[in-house]
Amino acid sequence: MTRTPTAHSAPLAELVSAVRDVVRLERQPAEAAELVASRIEPFLAQPNLLPDQYREGDPDRYKQHIVHAEEDGSFSVVALVWQPGQETPVHDHVAWCVTGVYEGAETEQQYELRGEGDTTRLVPVTEVVNSAGTACGFAPPGDIHLVRNAADSTVISIHVYGADIRKLSTSVRRRYHLPIADA
Ligand SMILES: [Fe+2]
């Protein structure tokens, strides 16, 4: 028995099923993320993947639509809608995470935590621009990042988390408010 908030398109139901197949393999988090990314990528090219209610944005902040939360809490699927300039705080996650871009291009800035005590700071390390049709996965630790729409049109992405997003309300482990500095 699974919980779904709304009727899904056939390809969206298949995407959820494909994620479930991988999660049931019970691989290590980094491998699970990589496998889920490869399995969802073909769905990102499906023009009828997302029903209209998952494409609605919010002028004030990026909008999260919960597409699916697995009954046993093992994974969640969300659709995120980003207007130009909208971004997350710098954060990391409680579990593995997969990002698949459906429309537009999503920019991810990755950081490393350096120093200690009063000198602890965030150092930007890699900026990745993920374009429509591509998916990538990662797992904590070392997953401190910020995601933004740096383009001038709406971005829609599918994120999959190895956690129960309904119970936690978010897959974010921690938000970082540290100074950002060069190495
Ligand atoms: Fe994230």
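This note discusses the sheet, the helices, the nonpolar core and several individual residues of the structure above.

1. Basis of the note. The structure is a predicted model, in which local features need pLDDT of at least 70 and side-chain atom pairs count only at pLDDT 80 or more, while totals for chains, interfaces and linings use all residues. Residues are numbered from 1 along each chain as its sequence is written. Helices (H or I, at least four residues) and strands (E, at least two) are DSSP runs, numbered from the N terminus.

2. The sheet. An open sheet is formed by 5 strands in the order S1-S2-S9-S4-S7, with antiparallel pairing; two strands pair if DSSP finds at least two bridges between them. S1 and S7 stand at the edges with a single partner strand each, so one side of each has no neighbour in the sheet. From one strand to the next, the twist averages 20 degrees.

3. Strand pairs. S1 and S2 run antiparallel and are joined by 6 bridges; Lys 63 stands opposite Val 81 in S2. These two strands form a hairpin with 6 residues between them, and Gly 73 in the turn has a positive phi of about 80 degrees. S4 and S9 also pair in the antiparallel sense, over 6 bridges. Gly 100 has Ile 158 in S9 as its bridge partner.

4. The helix pair. Two packed helices are described by the angle between their axes and the distance between the axes. H1 and H2 pack at about 155 degrees, and their axes are 9 Å apart. Axes are lines fitted to C-alpha atoms, for helices over the stretch in contact, and angles run from 0 to 180 degrees between N-to-C directions. H2 lies across S4, S7 and S9, running at about 165 degrees to S7.

5. The core. The largest nonpolar core has 39 residues; Val 19, Val 36, Ile 40, Val 98 and Val 160 are among those that touch the most other members. Such a core is a set of buried Ala, Val, Leu, Ile, Met, Phe, Trp, Tyr and Cys residues joined through C-beta atoms within 7 Å. The largest share, 6 residues, comes from S2. Leaving aside residues up to four places away in sequence, Val 160 touches Val 19, Val 36, Ile 40, Phe 75, Val 77 and Val 98 (contact means C-beta atoms, placed from the backbone, within 7 Å).

6. His 93. This residue is found in strand S3 (residues 91–93). His 93 is buried, with 22 other C-beta atoms within 10 Å; a residue is buried at 20 or more, exposed at 12 or fewer and partly exposed in between, with C-beta atoms placed from the backbone. The C-alpha atoms of His 93 and His 145 are separated by 9.3 Å, although the residues are 52 apart along the chain.

7. Backbone points to inspect. Glu 26, in the loop between H1 and H2, has a positive phi of about 55 degrees although it is not a glycine. With 8 C-beta neighbours inside 10 Å, Glu 26 counts as exposed. The peptide bond from Pro 140 to Pro 141 is cis, with omega near 0 degrees; Pro 141 lies in the loop between S7 and strand S8 (145–148).

Notes: Contact = placed C-beta atoms within 7 Å.
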